[in-house]
Amino acid sequence: MPQNNPICVALDTPDVAKARALARAVKSHVGMLKIGLEFFYANGAAGYEAVAAEGVPIFLDLKLHDIPNTVAQGLTSLLKLSPAPVITNIHAGGGLDMMKAAKDAVGDKVKLIAVTILTSLSDENIWAAGFDTRKTDEHALNLAKLTHQAGLDGVVCSPLDLAAIRKELPRDFLTVVPGIRLADAATHDQKRVATPKAAVEAGANVLVIGRAITGATDPAKAAADIFASLK
Ligand code: C5P
């Protein structure tokens, strides 16, 4: 876990050489790197291990969502990666039994967190998907409580959900927060966003940042500037 630097850069590329070059460029300015679907589906364990060899802690963001046995066995396979990720995740929407089975499978070998409501979803989006009339923030808090009840270490949530989660759940419950945008920057496909400083002030432990760093002309400078903006 990053002690002093909460920035986790999302290495969203299918290209191993590009991911390694980005990792090398930013590693002295960030606390963690994130490997997600785009990279892992293209490059698997070998690609993961090539990036992890850069020596930065890895958040493996594969968002497992399946029946309890399949998620538990999938996580058991992921724990064979070397070095193991420090954080990995599942979807809280998989339910209490699935989350408990997942936690039993990983024990304390990795911090296990659950995605609540994706930061790309608005109230209208979740209503259209057939959820009841609750709003995204009520859903996210409910799923965070379920995640805590299942014994997981924390959640992935929007910066806008942090205040309620911090109020209702213990302070050591980990919050990993995407949807981070610099003031006046493009939001792309993200909808529930905040600046790095606002997210940290609201209680984020880890800031997941992709395009604001990886799309910059100088990713190392972008990461350093964001870190400086937190002070
Ligand atoms: O480029 P950007 O900063 O929007 O990237 C955000 C990263 O965080 C992406 O890798 C995305 O998969 C991930 N993420 C997210 N929302 C979640 C969980 C993960 O945006 N709820």
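## A tour of the ligand and its pocket

Let's start at the ligand: strands β3 and β8 each give at least two residues to the shell around it. (Helices here are DSSP runs of H or I with at least four residues, strands are runs of E with at least two, and both are numbered from the N terminus.) You're looking at a predicted model, where local features need pLDDT of at least 70 and side-chain atom pairs count only at pLDDT 80 or more, while totals for chains, interfaces and linings use all residues. Residues are numbered from 1 along each chain as its sequence is written, and side-chain values use heavy atoms, with hydrogens and water left out.

Stop 1: Select the 16 residues around the ligand; Asp12, Lys34, Arg181, Gly210 and Arg211 come nearest. (A residue counts as near if one of its heavy atoms lies within 4 Å of the molecule.) The shell splits into seven nonpolar, three polar and six charged residues. (Nonpolar covers Ala, Val, Leu, Ile, Met, Phe, Trp, Tyr, Cys and Pro; charged covers Asp, Glu, Lys and Arg; the others, Gly among them, are polar.)

Stop 2: Zoom in on Asp12, where a side-chain N or O atom is 2.6 Å from an oxygen atom of the ligand. Next, click Lys34: one of its polar side-chain atoms lies 2.7 Å from a ligand oxygen. At Gly210, a polar backbone atom sits 2.8 Å from an oxygen atom of the ligand. On its own the ligand has 470 Å² of accessible area, and the protein covers 87% of that. (Areas come from the Shrake-Rupley method with a 1.4 Å probe.)

**Stop 3: the largest pocket.** Which space does the ligand take? The largest pocket, with a volume of about 580 Å³. (A pocket is an open set of points on a 1 Å grid over the protein atoms alone, where a 1.4 Å probe fits, with protein on both sides within 12 Å along at least five of seven lines; lining residues have an atom within 4 Å of a point. The volume is the space filled by probe spheres set on the points.) It has 28 lining residues, and Asp12, Lys34, Lys63, Gln190 and Arg211 are the closest to its centre. β3 gives the largest share of this lining, three residues.

**Stop 4: Lys63.** Stay in strand β3 and pick Lys63. This residue has a positive phi of about 50°, although it isn't a glycine.

**Stop 5: the second largest pocket.** Now select His65, His91, Gly93, Thr116, Ile117, Leu118, Leu121, Phe131, His139 and Leu143, which line the second largest pocket. About 160 Å³ of space lies in there, and its lining has five nonpolar, five polar and no charged residues.

**Last stop: Pro83.** Go to the loop between α3 (68-78) and β4 (87-91) to find Pro83. A cis peptide bond joins Ser82 to Pro83, with omega about -5°.

Key
A polar contact is a pair of N or O atoms within 3.5 Å; within protein, one must be able to donate a hydrogen and the other to accept it, and residues adjacent in sequence count only if both atoms are side-chain atoms. A molecule sits in a cavity or pocket if more than half of its atoms lie within 2 Å of its grid points.
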